[in-house]
Amino acid sequence: MTGIPSNMVTWFQIPADDPERAWRFYGRVFGWSSEKAYADRKRLGAINGDVAKREGFLQQPCLAIRVDSVEATARAIRAAGGTILEEPSEIPGLGMVYAVFQDPEGNVLNVVGDAS
């Protein structure tokens, strides 16, 4: 994730009961493609996001915020009154770490950073 500024939203997920139907909707309305932007940032319609099956923590749209240290950010989240819902974990094959948290307002978000 080199070159991406810290503390910026870099990924989002939209929950859907029928992801294929949702992708058709977003494709028709916004021209989005299910191809991810990180695979080819120049491809029209490729986005830094996903439409995924509604399950687990993904009950509402979710953002991923790029941070310098997922572990340090998890500590800061706890100190500020947030809750870690999923402890920092490596994303297999991507060289990245993520954690899922809930802010004091009940919103569920992710933080992501490079693996150390």
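## Helix α2 against the sheet

In this predicted model, helix α2, which spans residues 70-79, lies across strands β6, β7 and β8 and runs at about 180 degrees to β6. Its buried residues are Val70, Thr73, Ala74 and Ile77, and, seen down the axis of α2, they fall within an arc of 105 degrees, so they line one face of the helix. An α-helix has 3.6 residues a turn, so residues three or four places apart point the same way.

The buried residues of α2 pack against β6, β7 and β8, while the face turned away from the buried side carries the exposed residues Arg75 and Ala79. Just after α2, glycine 81 takes a positive phi of about 100 degrees.

## Sheet order and edges

The protein chain contains two helices and eight strands, and from the N terminus its elements follow the order β-α-β-β-β-β-α-β-β-β. Six of the strands form an open sheet with mixed pairing, in the order β4-β1-β5-β8-β7-β6. The edges are taken by β4 (49-53) and β6 (83-91), each of which has a single partner strand, so one side of each is left without a neighbour in the sheet. From one strand to the next, the twist averages 20 degrees.

Helix α1 (residues 19-30) also packs on the sheet, where it touches β1 and β4, and its direction makes about 145 degrees with that of β4.

## Strand β8 and its neighbours

Which strand is largely enclosed by the rest of the structure? Strand β8, residues 108-114, has six of its seven residues buried, so it is largely enclosed in this way. On one side, β8 runs parallel to β5 (residues 62-66), to which three bridges join it, with alanine 64 standing opposite asparagine 110 of β8. Alanine 64 of β5 is also the bridge partner of tryptophan 11, and strand β1 (residues 8-16) pairs with β5 in the antiparallel sense over five bridges.

Strand β7 (residues 96-102) pairs with β8 in the antiparallel sense over seven bridges, and alanine 99 has valine 111 in β8 as its bridge partner. These two strands, β7 and β8, form a hairpin with five residues between them, and glycine 106 in the turn has a positive phi of about 95 degrees.

## Salt bridges

A search of the whole structure finds four salt bridges. In one of them, the side chains of arginine 54 and aspartate 17 meet at 3.0 Å, N to O; arginine 54 lies in the loop between β4 and β5 and aspartate 17 in the loop between β1 and α1, so the pair ties together parts that are 37 residues apart in sequence. Arginine 54 counts as partly exposed, at 31% relative accessibility.

Aspartate 68 forms a salt bridge with arginine 66, their closest N and O atoms being 3.4 Å apart; aspartate 68 is exposed at 63% relative accessibility, whereas arginine 66 is buried at 7%. Arginine 78 and glutamate 87 form another salt bridge, with the closest N and O atoms 2.5 Å apart. Arginine 78 is partly exposed at 40% relative accessibility, and glutamate 87 is likewise partly exposed, with a relative accessible area of 43%. Salt bridges that share partners join Arg66, Asp68 and Asp114 into one network.

## Burial and contacts overall

Of the 116 residues in the protein chain, 34% are buried. The chain exposes about 7,200 Å², of which carbon and sulfur atoms supply 53%. Among its contacts with a separation of 6 or more, 52% come from residues 24 or more positions apart.

Definitions and conventions. Residues numbered from 1 in each chain as written. Predicted model: local features only at pLDDT ≥ 70, side-chain atom pairs only at ≥ 80, totals over all residues. Heavy atoms only, no water. Helix = DSSP H or I, 4+ residues; strand = E, 2+ residues; numbered from the N terminus. Buried < 20%, exposed > 50% of the residue type's maximum accessible area, 1.4 Å probe, protein only. Contact = heavy atoms within 4.5 Å. Areas by Shrake-Rupley, 256 points an atom, 1.4 Å probe, with all protein chains shown as cover. Pairing = 2+ DSSP bridges. Axes fitted to C-alpha atoms, helices over the stretch in contact; angles between N-to-C directions. Arc of directions from axis to C-beta.
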